[in-house]
Amino acid sequence: MADDTTPPQINAGLDPLTPVLTRSWLSPRSWRRDTYEQLGGYGALRTAITAQPEQLVELMKSSGLRGRGGAGFPTGLKWSFLPPLGAKPRYLVVNGDESEPGTCKDIPLMMADPHLLVEGCIITSYAIRSHYCVIYIRGELIHPIRRVRSAVKEAYAAGYLGKNILGTGYDLDIVGHAGAGAYICGEETALLSSLEGYRGQPRLKPPFPAVEGLYAAPTVVNNVETIASVPSIISGGVDWYRRFGTDKSPGTKIFSLSGHVERPGQYEAPLGTTLRQLIDLAGGMKDGIPIKFWTPGGSSVPLFGDDKLDVPLTYDDVAAAGSLLGTTALQVFNQTASVPWAVARWADFYRHESCGKCAPCREGTAWMSKTLRRIITGRGTLEDIDTLEDTAYNIFGRAFCALGDGAATSVSSAIQRFRQEFVDMVTGVTPAPSTQADLIEMH
Amino acid sequence: MTRGMTESAKTAVHYPDPNAAMVAGQTSFGATTTAFWGEGGRPTLEHRADVPQYRVTGVTFDDDVRAKAAEVIARYPHKRSAVMPLLHLVQSFEGFVSKDGIAFVAGLLDVQESEVSGVSTFYNMYKREPVGEHIVSVCTNTMCAALGGDAIYQALRSELGVDHEQTAGEPGTPGSVTLEHVECLACCDHGPVLTVNYEIFDNQTVQSAVELVQALRRGERPHPTRGAALTDFRHAELELAGFLDDDAAEVDAPSASPQSLRGAQLASERGWTAPAMPEVPPAFPPLPEKK
């Protein structure tokens, strides 16, 4: 009887940390091709090219890998949505525009192991029969761009890129493209607009990129960490990969722990690990001050309080608990942090990053930012709290893309779960965290 | 966009009181109708003090930059895709984007200048005013701000005596520094962070940041925590355009940090690993049957 009711233990028999994507990060010059090859790099590519492309798509579907860029869409399924080969070429676009507040996994990955990404790009391009791949990397940090471009160059020199790759007759070019500072370009259709040389504004879906993506040709857009997961799935196989995590959220994941913990950083563990376990691994809460709130996946997902520390961090468990796994950007705030203040700053962010295409987001983010700035400088009223909820309600589901939803979510979840803190601030029970002079000028 | 304006002035411009009585001859924006609509009754932006105009410099783009531009365009299946790297290239040449730079890019790509300026104004990193030798970008998003980023930005404002996107010293001369505050830089585990010419300085304090900009003002170039030895804004823009001096020193410059390596380090110390992969990769699934 007990067997029927006890949930199967997640990750039984696995070590608490399971470096797969991060396994070479401690190696000297891990970013160089010779190091990468010494550690078995480009072996997965040699394996993959012995298969038919469609077999690789099937393999990826069975592996259960889900997109690591935030939405968690099954990767193999995405690849399989491409229409039959026609006159138009197919493209692979890799999203390295990592900008979601709290998210800081792709940047260190691209710096430490760019060849893992390049190998993943080659295998994926082969699997989807693409001959042109762009890696779009945010522009504000040069070093990852430099490392990726250097890895691409080394891969050409070694015959992993260019014409007739490893004697297969398969050709592929990869271009490293630098962004110029726009969070919205992490949204896949905005990224494609940006890459085509337009303002980075999202497009209506459908048509989805799989049907009409880059230059209106069939395109797969995947996150850096997703693509970097591909080589180990080829080498390890489905059964090996599915040892990590759960049936619907298999694999390992780089958890980005930031904020009020003793040792913030990147921790690669199986999906299904909990925040409590991760905080323990990170040496506990900083100075022993207890946690107040945290984000399971960046600023665009509903906040959690200290009652959710034992939620297994999988796509489904986090959703069932009322938030989203997003990018596993675990921003941890202790009891000294103010929820309205944190949310106000995120509202400033969304106001700045709203692309201006649709009214609910363009106008709504500005109003939320103004209202929250009033509240955190001690000039708010109880009515402001209702106005905020109303504004968020009117953005959510009505904006053109997920940016508006994210902006609304951070505000509405904060009020829903920490309303008393807002009430205490506007009624003067707690002092305002900022003065008007503290406020940073909107940019 | 709203640089140099006070919070209250912005409120007056962008959020007029909808209930206020309209004064004859004025729009709700407070401008007179002739100023707002122009003499011919057509909209004009000239009166908008908060919309910076592109500078006209009359600069000539030389053969070297034209050759580089051709190289950039050749990377893409459709040449319009080159607009972003070309704007980075323009900044490497001019130190900002001028009206002449816009025209240069538009000419190369056979598009209207307005198309290029529309792209240029959309992205933060394309600057319409000349940038200093160095650009210092301080993260003031929530996490960095909570850990001290706000205090760092305010301290640098007073140290340099400038506001957002303004420059201490004469732009382009040695020791000139442009300051800006920016949104999340994806280094949250290293907060508070700032970048100089887009190279990363982790775990800053007010003191370390002030000392850093003082050194920059003196013409020194402290080494970033992660990234290559500092050059200047223009050189950084050249790299963004895709011209890497394949200088091993730049590529091999440090990228590791205690934070990035923490999980890997802890796993190594404790002997934690992922289960071994099979010796031989398992067979691939059969080809799906044709429907």
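In chain B, take the contacts (heavy atoms within 4.5 Å) with a separation of 6 or more: residues 24 or more positions apart account for 64% of them. Before I go on, this is a predicted model, where local features need pLDDT of at least 70, side-chain atom pairs count only at pLDDT 80 or more, and totals for chains, interfaces and linings use all residues. Residues are numbered from 1 along each chain as its sequence is written, chains are lettered from A and ligands numbered from 1 in the order in which they are written, and side-chain values use heavy atoms, with hydrogens and water left out.

Back to chain B. It has eleven helices and five strands. These are DSSP runs, numbered from the N terminus: helices are H or I with at least four residues, strands are E with at least two. Of the 291 residues in chain B, 50% are buried. Buried means under 20% relative accessible area, exposed over 50%, and partly exposed in between, with a 1.4 Å probe and protein chains only. Chain B exposes about 13100 Å², and carbon and sulfur atoms supply 54% of that. Those areas come from the Shrake-Rupley method with a 1.4 Å probe; for residues, only the protein chains shown count as cover.

Now one residue. His88(B) sits in helix α4 of chain B, residues 83-94. Is His88(B) buried or exposed? His88(B) is buried, at a relative accessible area of 0%.

Next, cysteines. How many disulfides does a search of the whole structure find? Zero, over all chains. A disulfide here is a pair of cysteine sulfur atoms within 2.5 Å. Cys361(A) is in none; its nearest cysteine sulfur, in Cys358(A), is 5.1 Å away. Cys361(A) is buried, at 5%. Cys139(B) is buried too, at 2%. Its sulfur lies 3.7 Å from the closest cysteine sulfur, that of Cys144(B), so it is too far for a bond.

Last, a sheet in chain A. Four strands form an open sheet, ordered β3-β2-β1-β4, with parallel pairing. Strands pair if DSSP finds at least two bridges between them. β3 (173-178) and β4 (219-223) of chain A stand at the edges with a single partner strand each, so one side of each lacks a neighbour in the sheet. Six bridges join β1 (residues 91-96) to β2 (residues 132-137) in chain A. Among the pairs, Gly96(A) has Ile137(A) as its bridge partner in β2(A).
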